[in-house]
Amino acid sequence: MLALLLALGSSLAYGCADFLGGLGARRAHVLRTVLVAAPASLAVELLLWPLLGARFEAGAVGWGAASGVASAAAFALLYRTLAIGPMNVLSPVTALVSAMLPVLVGLLQGERLGAAGLVGLPLALFAVVLVSAGTGGGRGRVSRRALLLALGAGSAIAVQLVCLHQAPSGSGVAPLIVGRAVTSALTLGAAVLWRRRLGPERPGYALAAAAGVLDSLAGVLFLLAARSGDLAVVAVITALYPAGTVLLARAVLAERIHRGQLAGLGAAALAVGLLALT
């Protein structure tokens, strides 16, 4: 139950972070947004260091660095994805892709589910698919470029989550600190390399910083959830984060929530209840 609650908290934080990051990336080049978001995430994890502890052993540093590389790709791809297409379609696509690899890794590592989990897990995946229902016309159309970016973002998120899960359980927030440091360094390097392509527009600093803070909190909650529960379950619950993005897109951007998406939200609630019984 603790792992489930932590995963739900992570899902909510990720959904809000993605919305704010995607909104910020509509104002300026995506790298400018990530240049604010990544250091903001690192600052939060440094503040949590005294509270949660950190042991910088080899496994924590190695897996943390790998997660940082994946996180840099995820930041850039995801925020760009949400900046050029309808959030209520593209965010769930990334979520579905990001859920599949951790589920596979968890099951291959010997995780087993009870009867309720065997029903709840595929139902949760199905809920992600339903939440991704688009309009089929007008603004709901998704370009091939946006879809490819969404698939890439989902893959990067999946690798990031798996790497964090592989880090030693007693390492505290060390993997996250190392990962965010690597992400910040890579983003800064990319910005310097492509500085002439960034354009003069300034990012939404408050939006980008808030996205970074929420993304950091989501990562911490996921790490704690994965250490206290099965990766297969935690990853799928975390992958329900598009619900938050879709609802915010509806409230702020007036993007329609379709019947399929409403059914997906209901299926997600039922799946969470079933997974809580495992």
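Predicted model: local features only at pLDDT ≥ 70, side-chain atom pairs only at ≥ 80, totals over all residues.
**Entry 1**

Residues are numbered from 1 along each chain as its sequence is written, and side-chain values use heavy atoms, with hydrogens and water left out.

I then looked up the angle: the axes of helix 7 and helix 8 (residues 205–228) cross at roughly 145° and come within 10 Å. Such axes are lines fitted to C-alpha atoms, for helices over the stretch in contact, and the angles run from 0 to 180 degrees between N-to-C directions. Helices here are DSSP runs of H or I with at least four residues, strands are runs of E with at least two, and both are numbered from the N terminus.

Which residues meet between helix 7 and helix 8? I found Pro175, Leu176 and Arg180 on helix 7, facing Asp215, Ser216, Gly219, Val220, Leu223 and Arg227 on helix 8, with contact meaning heavy atoms within 4.5 Å. By class these are four nonpolar, two polar and three charged residues; Ala, Val, Leu, Ile, Met, Phe, Trp, Tyr, Cys and Pro count as nonpolar, Asp, Glu, Lys and Arg as charged, and the others, Gly among them, as polar.

**Entry 2: helix 1 and helix 9**

Next I turned to helix 1 and helix 9 (residues 231–238), which pack at about 35° with axes 8 Å apart. This crossing is right-handed too. On helix 1 I noted Ala3, Leu4, Ala7, Leu8, Ser10, Ser11 and Tyr14, which meet Val234, Ile237 and Thr238 of helix 9. The contact holds seven nonpolar, three polar and no charged residues.

**Entry 3: cavities**

I counted four cavities of 30 Å³ or more. On a 1 Å grid over the protein atoms alone, a cavity is a set of points where a 1.4 Å probe fits but cannot get out; a pocket is an open set with protein on both sides within 12 Å along at least five of seven lines, and lining residues have an atom within 4 Å of a point. The largest cavity has a volume of about 120 Å³, a volume being the space filled by probe spheres set on the points, which are joined across faces, edges and corners.

Among the residues lining the largest cavity I saw Tyr14, Asp18, Phe75, Gln160, Asp215 and Tyr241. Helix 3 gives the most to this lining, with five residues. The lining has seven nonpolar, two polar and two charged residues.

**Entry 4: the largest pocket**

The largest pocket has a volume of about 280 Å³. Its lining has 17 residues, and Val30, Leu31, Ala76, Leu77 and Trp194 lie nearest its centre. Helix 3 again supplies the largest share, five residues. I made the classes 13 nonpolar, two polar and two charged.

Notes:
Left-handed = near helix turned anticlockwise from the far one by under 90°.
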